[in-house]
Amino acid sequence: MPDDGTPEERLRTLYAAYYGRVLNFARRRVADAETAQDVAAETFLVTWRRIDKVPRGHDEELPWLYAVARNVLANQLRGQRRGGRLTARLGRVAPAAPTAPDHAGGVVEALHLRQALAALSDSDQETLRLIAWDGLDTAAAAQVVGCSARTFAVRLHRARQRLERELARREEPRASGELAGLKGERA
């Protein structure tokens with residue numbers, strides 16, 4: 001990205017270019033639209049505070065923003081867990097159950113794929129989502145999770161194998177369209 005002048009102008013440029021993608025990233029990971037909007041807003045607040053740390057390369061900006069959004073989500077989840085434990089200790093209500101992603105796919109095959117994906121570890125799910133849902137290549141996805149591209153490629157290979165096993169174990173028709181998206185790597 002060319003020099004955008006002041007930090008305010010750089011933030012405006014980043015916001016205009018990536019807000020929608022960051023919001024969609026959050027929407028796919030939380031239960032309601034309001035929380036997704038909060039995550040996106042917090043992501044750009046962190047971006048403003050750390051504007052000098054945002055990489056200048058166009059291929060590096062979005063993965064950096066996704067990594068920030070991922071950390072914002074993790075912080076929110078930790079806060080919800082702490083709040084649930086505190087409430088339980090105070091004896092008011094039972095701890096809140098963690099929010100599950102929306103599985104309303106409308107297509108039976110997509111539902112089966114989502115169920116198989118949900119059976120995987122959080123790490124495997126995130127690995128597959130960064131490639132298939134967020135459209136990142138292995139280098140950009142590796143930047144989001146904070147590892148080398150080679151390490152991420154190994155994680156991706158293993159996550160795909162576990163997803164295949166889970167689908168086979170369920171003996172359900174495979175969601176060929178979405179599965180193809182998980183298999184087709186954008187390197």
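**Figure 1. Buried residues of helix α5 in the predicted model.** The buried residues of α5 are Asp 124, Gln 125, Glu 126, Thr 127, Leu 128, Arg 129, Leu 130 and Ile 131. The model shown here and in the following views is predicted. Helix α5 covers residues 122-132, and because eight of its eleven residues are buried, the helix is largely enclosed by the rest of the structure. Glu 126, one of these buried residues, has a relative accessible area of 10%. Thr 127, also among the buried residues of α5, has its C-alpha atom 7.9 Å from that of Phe 152, at a separation of 25 residues along the chain. Phe 152 belongs to helix α7 and counts as buried, with a relative accessibility of 0%.

**Figure 2. Overall arrangement of the helices.** The protein contains eight helices and zero strands. Read from the N terminus, its elements follow the order α-α-α-α-α-α-α-α. The protein has 187 residues, of which 35% count as buried. Seven salt bridges are present in the structure.

**Figure 3. A network of salt bridges that includes Arg 29 and Glu 126.** Salt bridges link Arg 28, Arg 29, Arg 70, Glu 126 and Asp 134 in a network. Side chains of opposite charge can pair when their charged atoms come close.

**Figure 4. The salt bridge between Arg 29 and Asp 134.** Arg 29 also forms a salt bridge with Asp 134, in which the closest N and O atoms lie 2.7 Å apart. Because Arg 29 is in the loop between α1 and α2 and Asp 134 is in the loop between α5 and α6, the pair ties together parts that are 105 residues apart in sequence. Asp 134 counts as buried, at 4% relative accessibility.

**Figure 5. The salt bridge between Glu 126 and Arg 70.** In the salt bridge of Glu 126 with Arg 70, the closest N and O atoms are 3.6 Å apart. The two residues link distant parts of the chain: Glu 126 is in helix α5 and Arg 70 in helix α3 (residues 58-90), 56 residues apart. Glu 126 is buried, with a relative accessible area of 10%, whereas Arg 70 is partly exposed, with a relative accessible area of 30%.

**Figure 6. Helix α6 and its ends.** Helix α6 spans residues 138-145, and its buried residues are Thr 138, Ala 140, Ala 141, Ala 142 and Val 144. At the start of the helix, a side-chain oxygen of Asp 137 comes to within 3.2 Å of the backbone nitrogen of Ala 139. Gly 146 follows α6 and has a positive phi, near 80°.

**Figure 7. A patch of negative charge on the surface.** The patch is formed by Asp 32, Glu 34, Asp 38 and Glu 42, which gather on the surface. Asp 38 is located in helix α2, which comprises residues 33-49. The relative accessible area of Asp 38 is 43%, and the residue is partly exposed.

Figure 8. Arg 169 is part of helix α7, which runs over residues 149-170. This residue is exposed, with a relative accessible area of 57%. The side chains of Arg 169 and Glu 166 are joined by a polar contact of 2.6 Å. The C-alpha atoms of Arg 169 and Ala 116 are separated by 9.2 Å, although the residues are 53 positions apart along the chain.

**Figure 9. Ala 118 of helix α4 and Leu 163.** Ala 118 is found in helix α4, which covers residues 108-118. With a relative accessible area of 42%, Ala 118 is partly exposed. Ala 118 and Leu 163 are 45 residues apart in sequence, and their C-alpha atoms are 9.6 Å apart in space.

Technical notes: Residues are numbered from 1 along each chain as its sequence is written. This is a predicted model: local features need pLDDT of at least 70, side-chain atom pairs count only at pLDDT 80 or more; totals for chains, interfaces and linings use all residues. Side-chain values use heavy atoms; hydrogens and water are left out. Buried means under 20% relative accessible area, exposed over 50%, partly exposed in between (1.4 Å probe, protein chains only). Helices (H or I, at least four residues) and strands (E, at least two) are DSSP runs, numbered from the N terminus. A polar contact is a pair of N or O atoms within 3.5 Å; within protein, one must be able to donate a hydrogen and the other to accept it, and residues adjacent in sequence count only if both atoms are side-chain atoms. Patches are made of residues with over 30% relative accessible area and no salt bridge: like charges are joined within 9 Å, nonpolar side chains (Val, Leu, Ile, Met, Phe, Trp, Tyr) within 5 Å. Accessible areas come from the Shrake-Rupley method with a 1.4 Å probe; for residues, only the protein chains shown count as cover. A salt bridge is a side-chain nitrogen of Lys or Arg within 4 Å of a carboxyl oxygen of Asp or Glu. Lys and Arg count as positive and Asp and Glu as negative; His and the chain ends are not counted. The place of a charge is taken as NZ of Lys, CZ of Arg, CG of Asp or CD of Glu.
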